[in-house]
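Colleague: Could you take me through the aromatic rings first, and then through a strand?
Modeller: Gladly; let us look at the model together.

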Amino acid sequence: MIICILLPLTLSLAVAFPATKFLLLIPVIIAATTWGKKVGVAVAAFSSCVVLISDLFPILRPFSPQAFQVDLVNTGVIVLAGWFIGGLTDIETETRNSLIHLANTDGLTGLYNHRYFQEELRRRLTEAEKTGRPLSLIMMDIDYFKFYNDAFGHQKGDQVLATIGRILARLVKEPSFAARYGGEEFVVVMPGADREAARELDEQIKREVAGFPFEGAENLPAGRMTISSGIACYPGDGTTARELVRVADDALYRAKYGRKTHLYFSVVDELRAFSHSEKELFNSLKTLLTIINARDRYTFGHSERVAGYAVALAERMGLPPEHVSLLQCGAYLHDIGKVEIPPEILNKPGKLDQNEWEMIKNHPDWGGNIVRPLTLLSAIVPLIRHHHENYDGTGYPDGLAGEDIPLFARILRIVDSFDAMTTDRPYKAAKTPREACMVLKQEAGKMFDPHLVELFTEIIMKQEVIIRS
């Protein structure tokens with residue numbers, strides 16, 4: 001607006017009064033400092049052309065070659081000033097935009113960061129309130145990401161985060177936007193979108209992530225990289241940013257921990273009675289488990305699945321909660337002794353020779369010795385030591401039989417075998433749950449406690465009926 005008034009005024013003065021031509025620098029400087037080099041040079045060039053044309057075709061005075069030459073120099077200086085000052089403005093603008101981008105963007109994923117998300121969510125909610133339109137929020141969390149990091153390294157984990165960032169950037173279209181909320185959590189804000197639209201985008205993102213060939217994802221419990229999510233919508237679920245985030249986070253928690261296959265990675269962290277030295281030792285055990293996970297592909301999700309089955313059977317038996325918790329811990333740690341076994345034996349695709357088999361048979365004894373210093377978990381040492389004992393006395397390491405085998409170990413013998421049978425191995429295809437239950441019943445009284453087999457197969461067959469219905 002100022003340029004529109006100032007430029008004609010200074011041009012008029014410059015044409016009428018040659019001594020005032022230096023005033024042309026004023027609109028050029030204003031244009032250059034406001035809009036940058038292109039506009040500054042354009043205003044300078046336009047002003048220079050008007051001055052030079054007025055010199056060539058004078059109205060108020062005769063043509064003067066000397067004055068024309070002076071004006072050529074002056075207009076050149078004006079154009080140069082517009083170019084130089086505008087260039088400085090462009091550099092300042094680019095620097096400012098670059099700093100704003102750095103302040104708003106997560107460096108790893110290329111998405112917006114947590115700070116930008118919070119500010120922009122509040123702004124979009126204000127707009128939604130004014131327009132009366134809905135707004136949806138999706139919170140997402142990568143499943144098993146911590147142990148993916150531990151097993152494959154943080155660089156691989158960073159690659160996963162960056163890839164998911166690119167997937168979100170491609171799928172989330174304006175006016176919606178995606179941001180990294182923190183760690184392995186992401187958020188998507190969808191102005192004008194209802195719950196159904198948010199659910200459709202959420203499913204699309206999940207399909208893209210699950211279908212991407214992440215390195216090592218086939219060793220995760222689901223056999224692929226997956227995400228859990230929670231959705232909240234304005235105004236039904238909340239009218240403020242805080243309320244929407246809380247509702248979406250609660251929905252995410254229910255989605256993540258309410259599934260049939262639970263996460264048991266940190267189950268023993270729930271036991272608060274460890275002494276300081278025992279906590280340090282237990283952290284070392286968790287590190288050993290991570291090493292086993294990285295060396296033995298089968299073991300990666302095995303302990304977690306076995307823990308889930310063991311808890312289900314223990315609850316079906318009506319065991320006290322504290323016993324269920326200890327059994328859960330024991331199932332989680334039952335293969336800890338495998339840390340002593342070389343990876344080439346753990347992952348051998350063919351049949352083991354006699355020496356290799358004898359080494360494998362030592363892992364229950366080794367595992368019990370590793371856990372024994374944890375006095376709080378002393379009750380699970382017999383479980384770890386005896387989880388390969390057979391009901392008829394033909395198992396190892398001590399050849400116990402019948403009810404001489406500790407109850408926890410008898411439970412684990414069943415659920416451990418069931419998971420082994422229903423999991424693909426390098427040398428054997430997985431059985432269906434129904435087929436595995438048939439094997440358990442055939443071996444009841446030989447390998448397994450008959451009463452516990454009956455209870456466990458009832459649980460599995462009920463789940464199968466639910467899945468099929």
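Modeller: Searching the whole structure gives 10 aromatic pairs, where rings of Phe, Tyr and Trp (its six-membered ring) pair if their centres lie within 6.5 Å, planes under 30 degrees apart being stacked, over 60 edge-to-face and the rest tilted. This is a predicted model, in which local features need pLDDT of at least 70 and side-chain atom pairs pLDDT 80 or more, whereas totals for chains, interfaces and linings use all residues. Residues are numbered from 1 along each chain as its sequence is written, and side-chain values use heavy atoms, without hydrogens and water.

Colleague: How are the rings of Tyr112 and Tyr116 arranged?
Modeller: A pair of aromatic rings is described by the distance of the centres and the angle of the planes. The rings of Tyr112 and Tyr116 have centres 3.9 Å apart and planes at 15°, so they are stacked. Tyr112 also pairs with Phe177, with centres 5.8 Å apart and planes at 85°, so that pair is edge-to-face. Tyr112 lies in the loop between helices H4 (65-104) and H5 (114-131) and Phe177 in strand S2, 65 residues apart; helices (H or I, at least four residues) and strands (E, at least two) are DSSP runs, numbered from the N terminus.

Colleague: Is Phe177 buried or exposed?
Modeller: Buried means under 20% relative accessible area, exposed over 50%, and partly exposed in between (1.4 Å probe, protein chains only). Phe177, at 6%, is therefore buried, while Tyr112, at 32%, is partly exposed.

Colleague: Which way do the residues of S4 point?
Modeller: In a regular strand the side chains alternate between the two faces of the sheet. Ile227, Ser229, Ile231 and Cys233 point one way from S4, and Ser228, Gly230, Ala232 and Tyr234 the other way.
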